[in-house]
Amino acid sequence: MLAQTLCASGTLILYGVTFAAHSIYHLFGGEDQGALIAFGLMTLITATAFLLAVRLNALVVAILGMLGGFLTPILCSTGQDNPLGLFSYIALLDIGLLMVARVRKWFFLASLGAACTILMQFAWFGKFFHRGHYFEGVATWTPIAIFAGFIVLFLIAAFRTKQDETGDRHPSAAAMALCGSALCFAFIFL
């Protein structure tokens, strides 16, 4: 229990120190270079938190790693639209989170991950959709591919969970929530 508490505290401290070094003290260089270095460090902290959560059976470390992972693009944002980079990172984050959920049987993490993914999708949509002219021509496929890709990811997780003896409903509910968010996007898009 003490090891789990220390790991959770260390995770929070590392996120805080990295953010402060980047945004307050500018220790990592210029705006774009500093954001990239801080992003890399925070990604490493998230991956380490997931590994520690599995190794120590520490649910709180997994949740803190997930929250820090989803806050990383927000905290390290340069204000530029990069949907491929953002959603590739979130897909890798969700894959790691789903692997932790599967190994430790914490399937509710799939629902939490889907909720955070939906929030990130709609935040990106709200900030960059009209500015990026995603409603014109070939760019229309970008948001469609983003929503469809995450639906497929969570459907695969739900299918894999159903194949096991566990049959937990959280991955299925997460996939359904992502389908619902894509439907909401379609109505907004129309």
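Analyst: For the surface question that comes first, a patch is made of residues with over 30% relative accessible area and no salt bridge, and nonpolar side chains are joined within 5 Å. Please keep in mind that this is a predicted model.

User: Which residues make the nonpolar surface patch of about 380 Å²?

Analyst: One member lies in the loop between α1 (2-24) and α2 (31-56), namely Leu27. Since exposed means over 50% relative accessible area, Leu27 counts as exposed because its relative accessibility is 62%. The nonpolar patch of about 380 Å² is made by Ile24, Tyr25 and Leu27.

User: In the loop between α1 and α2, which residue is found that has a positive phi although it is not a glycine?

Analyst: A positive phi in a residue that is not a glycine is given for Lys105, at about 60°, but Lys105 lies in the loop between α4 and α5, where it counts as partly exposed because its relative accessibility is 47%. The loop between α1 and α2 holds a residue with a positive phi of about 50° that is likewise not a glycine, and this is His26.

User: Which residues have the most contacts inside the largest nonpolar core?

Analyst: The largest nonpolar core has 44 residues, and the elements that give two or more residues to this core are α1, α2, α3 (59-75), α4 (83-104), α5, α6 and α7. Apart from this core lies another one, of 7 residues, including Tyr15, Ala38, Ile45 and Cys76. Inside the core of 44 residues, those with the most contacts are Ile90, Trp124 and Phe154.

User: Which residues does Phe154 touch, not counting residues up to four places away in sequence?

Analyst: Touching is taken here as heavy atoms within 4.5 Å, and Phe154 is one of the residues with the most contacts inside the largest nonpolar core. With residues up to four places away in sequence left out, Phe154 touches Asp94, Leu98, Ala110, Gly113, Ala114, Pro171, Ala174, Ala175 and Leu178.

User: What is the angle between the planes in the aromatic pair of Phe147 and Phe185?

Analyst: A pair of aromatic rings is described by the distance of the centres and the angle of the planes. The count comes to 7 aromatic pairs, and one of them, formed by Phe147 and Phe185, has its rings 4.7 Å apart centre to centre. Planes under 30 degrees apart count as stacked, and the pair of Phe147 and Phe185 is stacked, with an angle between the planes of 15°.

User: How many residues apart in sequence are the parts that Phe147 and Phe185 tie together, and which residues are in the cluster that ring pairs link?

Analyst: Phe147 counts as buried because its relative accessibility is 3%, and Phe185 counts as buried because its relative accessibility is 4%. Phe147 lies in helix α6 and Phe185 in helix α7 (residues 170-189), so the pair ties together parts that are 38 residues apart in sequence. The cluster linked by ring pairs consists of Phe122, Phe125, Phe147 and Phe185.

User: Is Thr140 buried or exposed?

Analyst: Thr140 lies in the loop between α5 (108-128) and α6 (141-163). Leaving aside its neighbours within four places in sequence, Thr140 is in contact with Tyr134, Phe135 and Phe189. Because its relative accessibility is 15% and the cut-off for this class is under 20%, Thr140 counts as buried.

User: Which residues is Thr46 in contact with, leaving aside its neighbours within four places in sequence?

Analyst: Thr46 lies in helix α2, and it counts as buried because its relative accessibility is 3%. Beyond its neighbours within four places in sequence, Thr46 is in contact with Tyr15, Gly65, Gly68, Gly69, Thr72, Tyr89 and Leu93.

User: What distance separates the C-alpha atoms of Ala35 and Thr78?

Analyst: Ala35 is found in helix α2, and it is buried because its relative accessible area is 4%. Not counting residues up to four places away in sequence, Ala35 touches His22, Gly30, Cys76 and Thr78. Although Ala35 and Thr78 are 43 residues apart along the chain, their C-alpha atoms are separated by 7.0 Å.

Methods:
Residues numbered from 1 in each chain as written. Predicted model: local features only at pLDDT ≥ 70, side-chain atom pairs only at ≥ 80, totals over all residues. Heavy atoms only, no water. Patch = residues over 30% accessible without salt bridge, like charges linked within 9 Å, V, L, I, M, F, W, Y side chains within 5 Å. Areas by Shrake-Rupley, 256 points an atom, 1.4 Å probe, with all protein chains shown as cover. Salt bridge = Lys/Arg side-chain N within 4 Å of Asp/Glu carboxyl O. Helix = DSSP H or I, 4+ residues; strand = E, 2+ residues; numbered from the N terminus. Buried < 20%, exposed > 50% of the residue type's maximum accessible area, 1.4 Å probe, protein only. Phe/Tyr/Trp six-rings, centres within 6.5 Å; stacked < 30°, edge-to-face > 60°. Core = buried A, V, L, I, M, F, W, Y, C linked by side-chain atoms within 4.5 Å.
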